[in-house]
Amino acid sequence: ESEPGKGTTVIVLLPQGVDEGKRKGENMAYILLVEDERLIRWGFRRALESHGHTVDEAPTLEQAETHL
């Protein structure tokens with residue numbers, strides 16, 4: 001959902017933690033995080049990586065496309 005002046009709400013469902021068949025430290029998913037706010041991007045990246053996900057980030061769609 002997006003509303004001018006109020007921001008955007010996005011709901012993402014990811015695995016909760018390390019899968020039974022994987023050892024801690026093995027990657028759960030590759031995530032390309034696109035967010036223009038540096039502090040928000042940093043926080044989401046830390047949270048995702050703490051659950052074992054591999055995260056690349058970009059502040060714009062144009063920069064994100066170079067990761068694909």
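A salt bridge is taken here as a side-chain nitrogen of Lys or Arg within 4 Å of a carboxyl oxygen of Asp or Glu. The model is predicted, so that local features need pLDDT of at least 70 and side-chain atom pairs count only at pLDDT 80 or more, whereas totals for chains, interfaces and linings use all residues. Residues are numbered from 1 along each chain as its sequence is written, and side-chain values use heavy atoms, with hydrogens and water left out.

**View 1. Salt bridge between Arg45 and Glu57.** The closest N and O atoms of Arg45 and Glu57 are 3.0 Å apart. Because Arg45 lies in helix α1 and Glu57 in strand β4, the pair ties together parts that are 12 residues apart in sequence; helices (H or I, at least four residues) and strands (E, at least two) are DSSP runs, numbered from the N terminus. Arg45 is partly exposed, with a relative accessible area of 24%, and Glu57 is likewise partly exposed at 26%, where buried means under 20% relative accessible area, exposed over 50%, and partly exposed in between (1.4 Å probe, protein chains only).

**View 2. Salt bridge between Arg41 and Glu57.** The side chains of Arg41 and Glu57 meet with an N to O distance of 3.0 Å. Since Arg41 belongs to helix α1 (residues 38–50) and Glu57 to strand β4 (residues 54–58), this pair ties together parts that are 16 residues apart in sequence. Arg41 is buried, its relative accessible area being 9%.

View 3. Glu49 counts as partly exposed, at 36% relative accessibility.

**View 4. The salt-bridge network.** A search of the whole structure finds three salt bridges, and a network of such bridges links Arg41, Arg45, Glu49 and Glu57. Side chains of opposite charge can pair when their charged atoms come close.

**View 5. Strands β3 and β4.** Strand β3 (residues 30–34) pairs with β4 in the parallel sense over five bridges, two strands being counted as paired if DSSP finds at least two bridges between them. Val34 has Ala58, in β4, as its bridge partner. From β3 the chain crosses through α1 to β4 in a right-handed β-α-β crossover, meaning that, with the strands pointing away from the viewer, the path from the first strand over the helix to the second runs clockwise.
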